[in-house]
Amino acid sequence: MRCLRSMRQNALAIPIHLTLEHFSIMPRTYLIRSIGALLLVVSALIGPAQAAEEVKQVRLYALDCGRVQLKDMGMFSDTGEYDGKAVVMVDPCWIVRHPKGTLLWDTGLGDKMADNKGGVDFDLGHMQVDVTLLDQLKTIGLTPDDITYLSLSHTHFDHTGNANEFPGATWILSKAEIAWAETNPSPSVNLDSFSAYRIAKTEMIDGDYDVFGDGTVRILRTPGHTPGHQSLLVKLKKAGTVIISGDLFHLRDNYRYRRVPPFNVERADTLASIDRIGTILKNTKGRLVVHHDPLDFKALPAFPKYLD
Ligand SMILES: [Zn+2]
Ligand SMILES: [Zn+2]
């Protein structure tokens, strides 16, 4: 499948703006060769999926990977402000396209849930997936084989749902997070949902990580929610610096008022991570996108539009 991808990219490099009028003034052998080349282009273009256009600068896409309704959002602050209030949260997946490859950041609730049209109830509320990640990737000409890197903010089930669809990607994983997930059984972690990391090519990291080596897409270590929790910083030409929070914040007010969920693994680490991200946002005049916050999601260009 890798070969197919490079073939498509090569094919796209051949100029396809030539019309038949151009061909009519060409020598016969060149004409035949040109038509042959054109047929190759056409067959590559009508292959299994429409090839993604090549990108010259970094793009950030926000994909709908489900939503979660909770009867009581008290679990998101250990100081009581949310107690007894219901909430609807989004659960996006993020695609970063870079001239050197494509990163999938967080993988949502999982496409399997879309089989249950009305969603599924659980003891705390309701979860639903209306559109699949794979269909959305198709919309922008991507197949799972086109995902160069996969990385997760952390291993809670609402971020790992589709991970196993990408065994061909290089998985960039936090050592501390995987060690914790493997040794601390939790109802919030479904090891089976990301078991493909055992067979995939992996890059195990223990701090910040520059995904494409040019500073435009950086994974930032932000522990506290879980031991290996990380956030994503994307530097865009027009939109500037954007930080996707992961679950460092569940709602914008968690950032605004420094609220910490009682189920976080370490309160002090969470506050230190909040300080770090706050300072980076100030220094870069950056934009914070709180992963689960519906208003932050709505404020982004509606897929397949993107930030660049
Ligand atoms: Zn979480
Ligand atoms: Zn989450």
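This is a predicted model: local features need pLDDT of at least 70, side-chain atom pairs count only at pLDDT 80 or more; totals for chains, interfaces and linings use all residues.
In general, the strands of a sheet pair through backbone hydrogen bonds, either parallel or antiparallel.

One open sheet has 8 strands, which follow one another in the order S4-S5-S1-S2-S3-S6-S7-S8, and its pairing is mixed. At its edges stand strand S4 (120–122) and strand S8, and because each of these has a single partner strand, one side of each is left without a neighbour in the sheet. From one strand to the next, the twist averages 25°.

Both senses of pairing can be found by looking at particular strands of this sheet. Strand S2 (residues 87–98) is antiparallel to strand S3 (residues 101–105), with 5 bridges between them, and here tryptophan 94 has tryptophan 105 in S3 as its bridge partner. Strand S7 (residues 170–174) and strand S8 (residues 201–205), by contrast, run parallel and are joined by 5 bridges, with leucine 173 standing opposite methionine 204 in S8. Between these two strands the chain passes through helix H6 (residues 175–183), and the β-α-β crossover made in this way is right-handed. Helix H6 also packs on the sheet, where it touches S7 and S8, and its direction makes about 80° with that of S7.

The other sheet to consider is also open, and its 5 strands come in the order S9-S10-S11-S12-S13 with mixed pairing. Its edges are strand S9 (209–210) and strand S13 (287–289), each with a single partner strand, so that one side of each is left without a neighbour in the sheet. S9 is joined to strand S10 (residues 217–221) by 2 bridges, the two running antiparallel, and aspartate 210 is found opposite arginine 218 in S10. Across strand S11 (230–236), strand S12 (240–244) and S13 lies helix H8 (residues 267–284), which runs at about 165° to S12.

For valine 234, once its neighbours within four places in sequence are left aside, the residues in contact with it are Val58, Leu60, Val96, Thr216, Val217 and Val242.

Methods:
Residues are numbered from 1 along each chain as its sequence is written. Chains are lettered from A and ligands numbered from 1 in the order in which they are written. Two strands pair if DSSP finds at least two bridges between them. Helices (H or I, at least four residues) and strands (E, at least two) are DSSP runs, numbered from the N terminus. A crossover is right-handed if, with the strands pointing away from the viewer, the path from the first strand over the helix to the second runs clockwise. Axes are lines fitted to C-alpha atoms, for helices over the stretch in contact, and angles run from 0 to 180 degrees between N-to-C directions. Two residues are in contact if their C-beta atoms, placed from the backbone, lie within 7 Å.
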